[in-house]
Amino acid sequence: MFFNDASFVPFLAFSVLLVHLTRARWRWVTLLLLSVGFYATFQAPGLLAVLAVQACIAWGIGRLIDRTERNPWRWRLFLGGTTGLLAALILVRLATSSKGLAASSWQKTWLPSAIGVSYFTLQAISYLADVYLGRMKAEPNPARLATYLVLYPKLLQGPIERASGLLQQLKSPRLPGYDGLRTAAALFGWGLFKKVVLGDRLGLIVDPVFAQPTHFAGLPVVAAVYAFSFQLYFDFSGYTDMARGTARFLGIELSENFRGPYLATSVTDFWRRWHMTFSRWLLDYLFTPLQLSWRRLGTLGTAAALFVTFASSGLWHGFAWTFTLWGLLHGVYLAAETLWRGLRRPAKPGALSRLWGTLLTFHLVTFAWVFFRAPSVGVARTLLKAIPRASLGGRGLFLQLGHQWLAVTLFACLAYALVAALRSRPVFAKASSVAAVRWTAYVVLLLAILLLRQDSSTYLYAQF
Amino acid sequence: MISDKLKKVILGVLELDDWTFTPETTASMVPGWDSLSHARIISAVEDAYGIRFQTRDIIRLETVAQLQALVDKAG
């Protein structure tokens, strides 16, 4: 079940009712049962078994680390636990990949996909690392630790939460009042608009071009490449807004994951704004240990640590050359930026320099997305080679979608840009404090979702 | 208590004229002390005191006071 499925609305209403009816100290149990029920809707019993294995490893090893005083043993336990968690993830990934056991009936019945596994594995690793580093005490209750891992609003695509913050919230979720419920609904609606109106509409330009790359050249390819950058943003950030809205209904606050990523003035800045909880995870648990180990190498050590970190992040998305190349590209971008910054004295950039930085960053990121989206490196190469070739062959793509479709999509994107630009301004807060304005906006948002949606039942980032 | 020597090393790396360090000061409170400059600060502290930290000890650091304690322990 995804957030934009019709069946999710009654499930959410049932969840809110149940959580509100449960006594504060047992709310986490209700959330655990609801989350397991939500996960079970994917009809993959194997996933629940994997979740149980990861929760047991994290809980058992965490407790052992906590009880061990000698550092070398704490380190060995941490290393053993992390290896176990990663091994389970890799096995599931291999089993569910197209080259895995795709044909076996066992796999189709028990483990048809790996949805959610990489997200709760990353969180289990961060939990073990925090216990090992003494940042938190090990959780004594295995079921509560499992609730942290499986909590359904963030199960499929994050945000990737820290155990210390979320376990604390789970101990006594604070139920939202009227304003909390209202902002939760608005956040969910805004995310749904981004996903089903903007993201899914742009998908209609992207999908045919990436599916049949030899049929297109010139403008349609350029349009598809740019459109994918925005489709992915609307799809993923829309999901995150819905996840945060859902969690708020249940008395849990999840972390922000996006902050205007395409306004970034450098690739380093981009990773501070895109999938922020994932980049924070990479920074804390991979980059920092590497960088500190290589600190005697100075800027070169930092650049090397960035390269290794982001090159590895490609593999987290899947064992494919496309993701590997995407990760390597970001590794090269970040290492080059670090070395470049090391050569010159920092100066406050002017407006023109910032604009140039934003345009360059957007195009570097968009170039890398081509490999991320393409089903193979060959398709990515075909598309990139087709960009400079002028051709009228792709006109059919736009004619098929129709003028009205293009006008509505453009209008919806502009409306989004206007709201996004005004959101941080005082005038927005002032206007939204007036009930009549607020409710008019909610009605417009609801009508836009109902009338302009281009529903697709999949989420681009759920596959990871 | 943060020693003048440690303070001088940190300010030197960050190219700051002055900054008030309290035992609760964390890296994010100090201008320019980010994940990229952190390794340079640690290296500069090691050079200034002629010591070498364990990587796992410096990963745990959260406040400047903890860095001072690590220096005192190593010295």
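Hi everyone. Let's start in the loop between helix 11 (267-273) and helix 12 (276-293) of chain A, where H275(A) is found. This is a predicted model, by the way, so please keep that in mind as we go. H275(A) has a phi near 40°, a positive value in a residue other than glycine. For context, most residues other than glycine have a negative phi. Is H275(A) buried or exposed? H275(A) is buried, with a relative accessible area of 0%.

Now compare that with Q43(A), which sits in the loop between helix 2 and helix 3 (45-67) of chain A. Q43(A) is not a glycine either, and its phi is positive, at about 50°. Here, though, the relative accessibility is 65%, so Q43(A) counts as exposed.

The peptide bond joining G158(A) to P159(A) is cis, with omega at about 5°. Most peptide bonds are trans.

Next, a pair of helices. How do helix 1 and helix 2 of chain A pack? Helix 1 (residues 8-21) and helix 2 (residues 27-40) of chain A make an angle of about 165°, and their axes are 10 Å apart. An angle over 145 degrees counts as roughly antiparallel, and therefore that is the description for helix 1 and helix 2 of chain A. Their crossing is right-handed. On the helix 1 side, the contact includes F8(A), F11(A) and F14(A), and on the helix 2 side it includes R27(A), L34(A) and F38(A). The residues of this contact divide into eight nonpolar, two polar and one charged.

The largest nonpolar core has 158 residues, and F38(A), Y127(A), W274(A) and W369(A) touch the most other members. Helix 10 (residues 219-249) of chain A gives this core its largest share, 14 residues. And what does W369(A) touch? Leaving aside residues up to four places away in sequence, its contacts are F228(A), S229(A), L232(A), Y262(A), F270(A), W274(A) and W326(A).

One last stop: G378(A), in helix 16 (residues 377-386) of chain A. G378(A) is partly exposed, with a relative accessible area of 39%. G378(A) and T358(A) are 20 residues apart in sequence, and their C-alpha atoms are 29 Å apart in space.

How values were computed. Residues are numbered from 1 along each chain as its sequence is written. Chains are lettered from A and ligands numbered from 1 in the order in which they are written. This is a predicted model: local features need pLDDT of at least 70, side-chain atom pairs count only at pLDDT 80 or more; totals for chains, interfaces and linings use all residues. Side-chain values use heavy atoms; hydrogens and water are left out. Axes are lines fitted to C-alpha atoms, for helices over the stretch in contact, and angles run from 0 to 180 degrees between N-to-C directions. Helices (H or I, at least four residues) and strands (E, at least two) are DSSP runs, numbered from the N terminus. Angles under 35 degrees count as roughly parallel, over 145 as roughly antiparallel, 65 to 115 as roughly perpendicular and the rest as oblique. A crossing is left-handed if the near helix is turned anticlockwise from the far one by less than a right angle, and right-handed if clockwise. Contact means heavy atoms within 4.5 Å. Ala, Val, Leu, Ile, Met, Phe, Trp, Tyr, Cys and Pro count as nonpolar, Asp, Glu, Lys and Arg as charged, and the others, Gly among them, as polar. A nonpolar core is a set of buried Ala, Val, Leu, Ile, Met, Phe, Trp, Tyr and Cys residues joined through side-chain atoms within 4.5 Å. Buried means under 20% relative accessible area, exposed over 50%, partly exposed in between (1.4 Å probe, protein chains only).
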